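User: Please take me through the charged side-chain pairs here, in plain terms.

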Amino acid sequence: MNSSFTALEEALCSRSSLQPVLDSVGVSEMIRAMENAPPNLLTAYFQEKAAEFTARRENVTSFKLLQAAFTDKKQASRFYGTPIADVVKTIADIEFEKQKSLFRRENRQQLSVHNDIWQLFYLTGPNLRSNSYDFSKIHCVSLRLELKYFMLWYLQGRSDYRTPVLAAVIKGVNFLSSNNPGIHYFANISDVDARQLYNYLENDCFSKHGGRLSIKSVANTMRACGQIIDYLCGDMRDPSLRTPIPTGNPFAKYRFFNLDNMSRNTEIIPDPVAAAIEKHSHELSDTHRVLYSIFINTGLRLSEVVLLKEDCLAPSRFEGLMLLRYVPHKTLSARRKRGIGDTCEMLIPAFLSREITRQIKRTQSLREEYGEPYIFIVKNGSQRPSLPCGDGFCDAVNRLIAKHCITDENDHLWKLTTRQFRKTIAVMLVESGASMTELAYWLSHLSRKTSMKYYAEVRKKRLAEMNTSFFREKFDLLLNSEQLDQFSEEQRRLLFVDFRLEKRRVELGFCMRVFADGECRERSRTLSCVNCKNLCTGKPYLQYWIALRDSQRTLVDGLVESYREMGIADYQSYRQYQQEKALLDSYSDTVTKIEAAFGGGLYAK
């Protein structure tokens, strides 16, 4: 026992690792020795270890401190639940509070052209987060210097330092310098170099997942390179930068339009999926259940919900409704520039306000303990309190979806994202007749153009609803997408009316010809509509198609028998046989498609 005390005190005084002592005496003996060690010596040891994290600009936690003292993670975790862990946690929390202010003050020192790595910290609620900019990935030193000056200007006035500009530029700049060794500065980039970069990004550059870059990624890289050149030849250029000034911007001619239409649109949550999740939502944790209820009923963004404060509810002048106050963090800087207040309000039903009130009460003691106003503050085990993240929430709901096999109309397992809530609410508002102003107010949009996107999405949704399945269910008819794609939304409505009034009826179905194309050219044929691409047929005509098929089969069989009687073996190359056989195959294919879509039914024989 005395030997273990002696070895422990020597290690504490020398600030060396405690792992050798732990290996020699075991965990139980080590815990007893540390509990009986001089408190000031033990505290000083862990305080110095915590200071080392601060010196490295690394967030400190109690587990990291234990791991710094004991290199074995499993053995370090054995100290949880002991008085030693309480001492370490207190030291870690005190040091972390220092880090929250110190690291952000030191951001100015990081923002220097002499540093190749900028590690910048920012606060999101009680969470201290960081983003690292690694300029060493840029191969050409002179290009790296110009990019640093650009980023110094670009990051001015930003608070969260989350920007993808550097990542977009790196792949482009490295290609330019390796493809043309004569490029030492952005001023050396010519129109030919810009064209080669565009071709490389579009055809030969691959993402980290191994696929080709999306057109949006190509646009981001070309646009970012153009921004840098605009900076280098503009008034915002730092006068201390002594590099050649570009005489023109070879990237200015590359403009990209309708990028939103080229990317995958956020899906709208179908009603059956929402109802099924709501049915099983009691299986979620209290925090995730309230988050889901707010998302599905308000369409607020993730940051707007998780950063709700204790005073977020207020009475309204309408019976049964309450006001929910939130801060639209995504547009906050733009609102301040326009002189608009930081806080937005929306009316919410009483049941939702009751859920939020219960959440406020659940976290009251935790908020008072740590002096935080956020109602979704959580604390897991011995970790310090934090706010829930979007990935954790979506993972919890998606596990619930997988557990109960909640699928969409195509029997595909639904995959939830937080963006789907906002899109769903927006579409519901538009379909319910909300005006552009009402939609912009509800979603806290600063521009009518943003709201117009949702109106366009609803028009696409309505057009998609009048699809092949719609006409199949209404008329027992088969339409392929090629036939229906000829018609706009309004034309599809008129097509529906024509089908109802039987204005387009022809033999064996309905005609899908666009009347604006002129007179029908197939009327001169013996069987004018049977093989026409514009024919729309279906279940009511199945018996006629079967009769045509059987009759044609008899004809083909008779033709084959005639050839054999005449001793003709290569009849399959004869034009007559090929025409009759093609007609038989067409009839058989039509019968197969109708039976596959509707079954034999009453019309089959």
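User: How many salt bridges does the structure hold?
Analyst: This is a predicted model, in which local features need pLDDT of at least 70 and side-chain atom pairs count only at pLDDT 80 or more, while totals for chains, interfaces and linings use all residues. Residues are numbered from 1 along each chain as its sequence is written, and side-chain values use heavy atoms, with hydrogens and water left out. A salt bridge is a side-chain nitrogen of Lys or Arg within 4 Å of a carboxyl oxygen of Asp or Glu. The number of salt bridges in the structure is 19.

User: Which residue forms a salt bridge with Asp93?
Analyst: Helix α7 covers residues 83–105 (helices are DSSP runs of H or I, at least four residues, and strands are runs of E, at least two, numbered from the N terminus). The closest N and O atoms are 2.7 Å apart, and the partner is Lys89.

User: How many residues apart in sequence are the parts that Glu345 and Arg325 tie together?
Analyst: The side chains of Glu345 and Arg325 meet in a salt bridge, at 3.2 Å from N to O. Glu345 lies in strand β5 (residues 344–349) and Arg325 in strand β4 (residues 321–326), so the parts tied together are apart in sequence by 20 residues.

User: In which helix do Asp550 and Arg553 lie?
Analyst: Asp550 and Arg553 form a salt bridge, with N and O 3.8 Å apart. They are three residues apart, or about one helical turn, in a helix of residues 542–565, which is α27.
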